[in-house]
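This report describes one protein model with its ligand.

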Amino acid sequence: MIQIDLTGQVAVVTGGSSGIGLATAELFLRAGASVAICGRDADRLARAETSLRAQFPAAQLLAVRCDVLAADEMSAFAQAVQDRFGRTDMLVNNAGQGRVSTFADTTDDAWREELDLKYFSVIRPTRAFLPMLRDAAGAGNASIVCVNSLLALQPEPHMVATSSARAGLLSLIKSLAVELAPQRIRVNSILIGIVESGQWRRRFETQAQPGQSWEDWTGELARKKNIPLGRFGRPEEAAQALFYLATNLSSYTTGSHIDVSGGNARHV
Ligand code: NDP
């Protein structure tokens with residue numbers, strides 16, 4: 001792997017207490033960055049903080065309980081980062097989860113909730129951290145990276161609201177990239193297919209046959225979904241793409257996305 005030294009830079013990862021976000025926080029810490037993570041569940045957040053501190057005893061790490069959809073909590077999180085680290089160079093908008101529902105069983109409230117989550121999990125953190133990102137831009141690297149889904153380009157009828165919201169998010173990210181480019185802030189995303197993580201572990205617990213192992217269950221799903229690489233992705237594989245887009249390794253890339261779907265994208 002290419003070595004890059006992020007000493008002195010600050011990365012903020014929303015939803016950094018599990019799965020892709022936690023793997024991303026690990027990569028940033030390994031590269032020497034200071035890292036701030038947030039999540040809603042205080043216990044999960046505390047477990048993530050403990051595991052990161054065990055791996056990186058000298059880590060400059062801040063973990064703040066915060067729901068990205070709550071404007072006041074988001075401002076408090078940004079303020080905590082400002083107070084502790086004094087800057088933010090890279091923002092990873094990762095917090096969220098998918099919604100499995102067809103058009104027939106998605107209520108108006110469910111539509112609103114899903115659109116709210118997908119849009120405001122990007123809008124709120126972006127707005128809260130923008131002043132610090134603007135300041136960091138002068139120092140050479142300022143970026144926003146969003147975790148989006150292949151559903152943005154390849155909708156699935158059994159995830160109708162998530163697919164639709166993901167497509168809108170792709171558009172928002174493009175607009176943001178153009179608006180923020182003159183301020184030297186890059187905005188990109190990754191489009192993931194299926195990545196092993198907390199939300200899939202929870203589905204495994206409720207949907208697997210009695211006695212079925214995690215490997216069998218995920219292998220069967222990968223086959224059913226015709227994923228060319230034949231398996232789910234790992235959180236660190238999504239994290240590596242986020243890391244590339246967040247850092248100066250991708251200094252001439254904005255308004256773009258990387259596919260991390262194991263070849264599942266069918267379009268050219
Ligand atoms: P995990 O459930 O493992 O992690 C999600 C993280 O986001 C947790 O830290 C969770 O903590 C946090 N989170 C969720 N909602 C909020 C919120 N409102 N405010 C703050 N934190 C929040 O799942 P993944 O790692 O898989 O998910 C990461 C992102 O990737 C999500 O946006 C998801 O939708 C997206 N994605 C994942 C796919 C996959 O196959 N894994 C496929 C497509 C997209 P807590 O619950 O304590 O708040």
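Lys118 and Glu114 are 4 residues apart in helix H4, which spans residues 108–137, and so are separated by about one helical turn. Their side chains meet in a salt bridge, with 2.6 Å from N to O. The model discussed here is a predicted one.

## Salt bridges

Side chains of opposite charge can pair when their charged atoms come close. Lys118 counts as buried, at 2% relative accessibility, and Glu114 is likewise buried, at 2%. Both values fall in the buried class because that class covers anything under 20% relative accessible area.

A second pair lies in helix H7, residues 214–224, where Glu220 and Lys224 are 4 residues apart, about one turn of the helix. The two residues form a salt bridge whose closest N and O atoms are 3.9 Å apart. Glu220 is partly exposed at 35% relative accessibility, whereas Lys224 is exposed, with a relative accessible area of 62%. Elsewhere, salt bridges with shared partners join Arg99, Glu113, Glu114 and Lys118 into one network.

Glu73 and Arg65 also meet through their side chains in a salt bridge, at 3.0 Å from N to O. Glu73 is partly exposed, its relative accessible area being 25%. Arg65 counts as partly exposed as well, at 38% relative accessibility.

| Pair | N to O distance | Relative accessibility |
|---|---|---|
| Lys118 and Glu114 | 2.6 Å | Lys118 2%, Glu114 2% |
| Glu73 and Arg65 | 3.0 Å | Glu73 25%, Arg65 38% |
| Glu220 and Lys224 | 3.9 Å | Glu220 35%, Lys224 62% |

## The ligand site

There are 29 residues around the ligand, and Ser17, Ser18, Arg40, Arg44 and Ser197 come nearest. Ser197 has an N or O atom in its side chain that is 2.4 Å from an oxygen atom of the ligand. A ligand oxygen atom also lies 2.7 Å from a backbone N or O atom of Asn94. On the nitrogen side, a polar side-chain atom of Asp67 is 2.9 Å from a nitrogen atom of the ligand. On its own the ligand has 870 Å² of accessible area, of which the protein covers 95%.

By class, the shell around the ligand consists of 14 polar, 9 nonpolar and 6 charged residues. Helix H1 (19–30), strand S5 (143–149) and helix H6 (198–207) each contribute at least two residues to this shell. H6 provides the largest share, 4 residues. In terms of domains, at least three shell residues come from each of domain 1 (10–195 + 235–257) and domain 2 (197–232).

## Loop residues

Two loop residues have a positive phi. Arg184, which is not a glycine, has a positive phi of about 65°. Arg184 sits in the loop between helix H5 (160–180) and strand S6 (186–192). With a relative accessible area of 60%, Arg184 is exposed.

Asn226 has a phi near 55°, again a positive value in a residue other than glycine. The loop between H7 and H8 holds Asn226.

The loop between helix H8 (235–246) and strand S7 (257–260) includes Thr254. Tyr252 is found in the loop between H8 and S7 too. Thr254 is partly exposed, with a relative accessible area of 36%, whereas Tyr252 counts as exposed at 85% relative accessibility.

Thr254 and Val12 are 242 residues apart in sequence, and their C-alpha atoms are 19 Å apart in space. For Tyr252 and Glu26, 226 residues apart along the chain, the C-alpha separation is 25 Å.

Conventions: Residues numbered from 1 in each chain as written. Predicted model: local features only at pLDDT ≥ 70, side-chain atom pairs only at ≥ 80, totals over all residues. Heavy atoms only, no water. Near = heavy atom within 4 Å. Polar contact = N/O pair within 3.5 Å; in protein donor to acceptor, adjacent residues only side chain to side chain. Areas by Shrake-Rupley, 256 points an atom, 1.4 Å probe, with all protein chains shown as cover. Nonpolar A, V, L, I, M, F, W, Y, C, P; charged D, E, K, R; others polar. Domains from an automatic or database assignment. Salt bridge = Lys/Arg side-chain N within 4 Å of Asp/Glu carboxyl O. Buried < 20%, exposed > 50% of the residue type's maximum accessible area, 1.4 Å probe, protein only.
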